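Hello,

Here is the structure I promised to pass on. Please open it alongside this note.

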Amino acid sequence: MSEKDDPKTAVVIDTVNEAEKAPPAKAVLVTANRIMTDYELNEEKADDVYKDRRLCIKGKISKISVLGDDPFVEMSADSYGLRNVKFTLDKSRVEVLDNLQVGDIKVIEGTVVGYTLFKVSVTDPVLY
């Protein structure tokens, strides 16, 4: 029996455990304009692509505000500020707004909820 065939020196790869150790997949980067355009052209198809998925969305901050108890940030998808991606934050994370200014170009990661009231809604945002 050669050393190669010796079971004591064999390397066993446990694919289940290796998969569990793998880092989670990174979120896909998309521009605010691209996601808005996709929703405007075909909301059903855009839902298939984006809804309930974690994305990194890049664009220009157009509004920072609080509506009721819900702080939010809007990212403009056009130069007029009429088409926006809205990121709603949990009220316990309102301090994140201190790091933003209107006009900043930022990447914000979040989970897409869908297209409502002419805006793409995103929850659980993380600022990069």
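Residues 24 or more positions apart make up 57% of the protein's contacts with a separation of 6 or more. Contact here means heavy atoms within 4.5 Å.

Please keep in mind that this is a predicted model, where local features need pLDDT of at least 70, side-chain atom pairs count only at pLDDT 80 or more, and totals for chains, interfaces and linings use all residues. Residues are numbered from 1 along each chain as its sequence is written, and side-chain values use heavy atoms, with hydrogens and water left out.

Overall picture. The protein has 3 helices and 6 strands. Helices (H or I, at least four residues) and strands (E, at least two) are DSSP runs, numbered from the N terminus. Along the sequence the order is α-β-α-α-β-β-β-β-β. Of the 128 residues, 30% count as buried. Buried means under 20% relative accessible area, exposed over 50%, and partly exposed in between (1.4 Å probe, protein chains only). The protein exposes about 8700 Å², and carbon and sulfur atoms supply 54% of that. Those areas come from the Shrake-Rupley method with a 1.4 Å probe.

Strand β3. β3 runs antiparallel to β2 (residues 54-67), joined by 7 bridges. Strands pair if DSSP finds at least two bridges between them. M75 has V85 of β4 as its bridge partner.

Helices α2 and α3. α2 (residues 32-41) packs on α3 (residues 43-50) at about 135°, with the axes 5 Å apart. Axes are lines fitted to C-alpha atoms over the stretch in contact, and angles run from 0 to 180 degrees between N-to-C directions. That angle makes α2 oblique to α3. Under 35 degrees counts as roughly parallel, over 145 as roughly antiparallel, 65 to 115 as roughly perpendicular, and the rest as oblique. R34, I35, D38, Y39 and L41 of α2 meet E43, A46, D47 and Y50 of α3.

Residue V113. V113 sits in β5 (residues 105-116). At 37% relative accessibility, V113 is partly exposed. Leaving out residues up to four places away in sequence, V113 touches K51, S121, V122 and T123. V113 and R53 are 60 residues apart in sequence, but 8.4 Å apart in space, C-alpha to C-alpha.

Best wishes
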